[in-house]
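Here are my notes on the model you sent. They are set out as numbered points and can be read alongside the structure.

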Amino acid sequence: MSEADDKKAEIDRALSALCESFPARFLGAETEQALRDENAKILGKKGELSAILKELGRVAPEARKAIGEAANAVKAKVEAGFEARLRELAMRKRDAELNARPFDLTLPARVPLPRGHRHPISIVREELVQIFRSMGFAVFDGPDIDTEENNFGKLGYPPDHPATDMQDTFYTDKGHLLRSHTSNIQIRAMSTMKPPFAFIAPGTVFRRDDDMTHSPMFHQLEAFLVDEHVTLAHLRGVLSEFAARLFGDGTPVRLRPSYFPFVEPGAEVDLGCPFCKDEKTGKRLGCGVCKHTGFIEIMGCGMIHPTVFEACGIDPEKYSGFALGLGLERTAMVRYGIPNLRMMFENDPRFLSQF
Ligand SMILES: [Zn+2]
C-alpha cells in the first residue's frame, strides 16, 4: 500500500471514530453552554473535523472526493445531534421551571413602595379653586402663549410703557409672548362672553425675574366678576369670605391702595396672620411669617378699569366688576413656611415628601 492509501485509511478511521463518539459527548453536556463548547470542539474552525481534513492534501487526488463526501455526512450528523440535544436541554429547563414552586404574583413586596402625592403648588391650587367654586366662580382657561394685545394692550398697557418693564417676558415672535400673568384669560373671557359672569383662572405665567423669591416660571390664580352695579363692597365681601375659608373665621382683611394698570382703584390685600393668632383674644402677636406685622401680603385686587371694558367690547357705563390675583407659590410659601421659592421647582424628594 502506498503512503497515500495509508493516509486515506487513517482519515476514514478518524471520521468513523468521530461519528461514533459525538453522541456520547453531547449527552454528557448538561447545560446549553457545555453543549455549545463541545460542538465547537468538533465543528469549530480549529475543531477536530478541520484537523482531520488537513491531511486531505496527502491523499491521492482521485480519493479526495469520497473523503469529502464522508466528511460532509459526518458534519451533518453532528449538526443534527447538536440541535436535538439543544432542544432536549431547553425542554428539560422548561420542565424544571414548571415543576418548581409556583411563583406567587400576589405576594406583597418586601420593601413597601413609597406612595407619591400632590405637589404643594397643586395642593394650594386645588384648595383655592375649591374656595372660589364654592362661592360661585367657574374655571376659565386660556393659552400660555398669547398675543401682546391680550397680555398687555387690552389691559391698558400702552406700547413700550415702562410698566411693562416690571414684567418683561419672553417673546416667541413679534406680537406673541409667554403670558406674564393670568389676566390674558380675563381679557379672553370679557371679549367673548356677555356679563354677568364670575370666573377664576389658575395658570402658569412667565417673567424674567430669577432670585430667592422670584422664578421665571410661576403660577397665579385670578378671579374676576362682572355684572351691573358691582362695587368695591362686593369685592370686600368676597375677600372676607375668602380669608375666612383659607385661614379661618374672622380672619381680618386689610386693603392698601396700590397701582395696577388695569384696575381703578387698585389695592394690595393683607390677611391676618394665622400663625401667631392668640386663640383667646384673636389678636395677632407677630411672628417670622408675617414679619411681626400680624398681616400677610397675599394678593392684588381692584375694580376693573373702564378702558379695559371698552377694549373688550363691554359697556363701562352699564357694567362694572372686580378682579383679584394671587401667586400660588407665594400662598404655598406662607401656608407651609417655605423660605425659598425655588425649592418648589427643584424636585428634591426630601423637600417634597414633607407635604
Ligand atoms: Zn404672624
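1. Two strands are said to pair if DSSP finds at least two bridges between them. Helices (H or I, at least four residues) and strands (E, at least two) are DSSP runs, numbered from the N terminus. On that basis, strand β5 (residues 197–206) and strand β6 (residues 217–228) are antiparallel partners over ten bridges. Within this pairing, Ala198 is placed opposite Leu225 in β6.

2. This is a predicted model, in which local features need pLDDT of at least 70 and side-chain atom pairs count only at pLDDT 80 or more, while totals for chains, interfaces and linings use all residues. Residues are numbered from 1 along each chain as its sequence is written, and side-chain values use heavy atoms, with hydrogens and water left out.

3. The β5 and β6 strands belong to an open sheet of seven strands with mixed pairing, in the order β1-β5-β6-β10-β9-β8-β7. β1 (138–139) and β7 (253–258) each have a single partner strand, so one side of each lacks a neighbour in the sheet.

4. Helix α10 (residues 328–336) lies across β6, β9 and β10, at about 55 degrees to β10. Contact here means heavy atoms within 4.5 Å; axes are lines fitted to C-alpha atoms, for helices over the stretch in contact, and angles run from 0 to 180 degrees between N-to-C directions.

5. There is also an open sheet of three strands, antiparallel, in the order β2-β4-β3. Its edge strands, β2 (145–147) and β3 (171–173), each pair on one side only. β3 and strand β4 (residues 176–178) are joined by two bridges, and Asp173 faces His176 in β4.

6. What coordinates the zinc ion? The SG atoms of Cys273, Cys276, Cys287 and Cys290 do, at 2.2 to 2.3 Å. Donors are N, O and S atoms within 2.8 Å of the metal (3.2 Å for Na, K and Ca); water is not among the atoms, so sites may look incomplete. The angles among the four donor atoms are 107 to 115 degrees, and the site is tetrahedral (four donors with all angles between 85 and 135 degrees). The donor residues are spaced C-x2-C-x10-C-x2-C in sequence.

7. Cys273, at 0% relative accessibility, counts as buried, and Cys276 does at 7% (buried means under 20% relative accessible area, with a 1.4 Å probe and protein chains only).

Note on methods:
Four donors count as tetrahedral if all angles lie between 85 and 135 degrees; four count as square planar and six as octahedral if opposite donors are over 155 degrees apart and all others between 65 and 115; anything else is irregular. Buried means under 20% relative accessible area, exposed over 50%, partly exposed in between (1.4 Å probe, protein chains only).
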